[in-house]
Amino acid sequence: MTRTNHSLRWALSFNAVQDWSTQIKTYSWDNAQVLLVGNKCDMEDERVVAAERGRQLSDQLGFEYFECSAKDNINVKQTFERLVDIICEKMSESLDNADPAVTGVKQGPQLTEQPQRPHQDCAC
């Protein structure tokens, strides 16, 4: 693919982010977690969208922003780890605020400092 074709595809993708964001907010669950990720940061000499412009758009949309390179494995792990962290934080918040009568979640036994003694009739 030529440099012009790459540039055009990247520009079209960036311009579509606003629409994708609207679709996510319209059609997904209320608690969908989204990051804006710019890929191919290893191709700096062919960059079409400035990093600052990506950050501005992500701020406008309320998403965190990352740049990565799947090819060179730059910032890929960190991006996925951040998404997992966000999901876990939201799940924890949901559980903390949930009504056990509604969720059916029962609080399990509490840990104690003293281990329980095995039953006398245990065959282990």
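## Contacts and overall make-up

Two residues are taken to be in contact when heavy atoms of theirs lie within 4.5 Å. On that basis, among the contacts in the chain between residues at least 6 apart in sequence, 66% join residues at least 24 apart. The model described here is a predicted one.

The chain has 124 residues, of which 20% are buried. Its secondary structure consists of 4 helices and 2 strands, arranged from the N terminus in the order α-β-α-β-α-α. The accessible surface amounts to about 10,200 Å², and carbon and sulfur atoms account for 53% of that surface.

## The nonpolar core

The largest nonpolar core comprises 8 residues: Phe14, Val17, Leu36, Val49, Leu57, Leu61, Phe63 and Tyr65. Helices α1 (3–27) and α2 each contribute at least two residues to this core. As a general matter, nonpolar side chains in soluble globular proteins tend to be buried together.

Val49, with neighbours within four places in sequence left aside, is in contact with Phe14 and Gly54. Leu36 is located in strand β1, and it counts as buried because its relative accessibility is 12%, under the 20% limit for a buried residue. With neighbours within four places again excluded, Leu36 is in contact with Val17, Gly54, Leu57, Ser58, Phe63, Glu64, Tyr65 and Phe66. Leu36 and Gly54 are 18 residues apart along the chain, and their C-alpha atoms are separated by 8.1 Å.

## The two faces of helix α2

Helix α2 has four buried residues, namely Gly54, Leu57, Ser58 and Leu61. These residues lie on the same side of α2 because they cover an arc of only 100° around the axis. An α-helix has 3.6 residues a turn, so residues three or four places apart point the same way.

On the face of α2 turned away from the buried side are the exposed residues Asp59 and Gln60. Just after the helix, Gly62 adopts a positive phi of about 85°.

## Positive phi in the loops

Lys40 lies in the loop between β1 and α2. Its phi is near 70°, a positive value in a residue other than glycine. Lys40 counts as partly exposed because its relative accessibility is 32%, a value between the 20% and 50% limits.

Asn73 is situated in the loop between β2 and α3 (76–97). Although Asn73 is not a glycine, it has a positive phi of about 55°. With a relative accessibility of 57%, Asn73 counts as exposed, since the limit for that class is over 50%.

Conventions. Residues numbered from 1 in each chain as written. Predicted model: local features only at pLDDT ≥ 70, side-chain atom pairs only at ≥ 80, totals over all residues. Heavy atoms only, no water. Core = buried A, V, L, I, M, F, W, Y, C linked by side-chain atoms within 4.5 Å. Buried < 20%, exposed > 50% of the residue type's maximum accessible area, 1.4 Å probe, protein only. Areas by Shrake-Rupley, 256 points an atom, 1.4 Å probe, with all protein chains shown as cover. Arc of directions from axis to C-beta.
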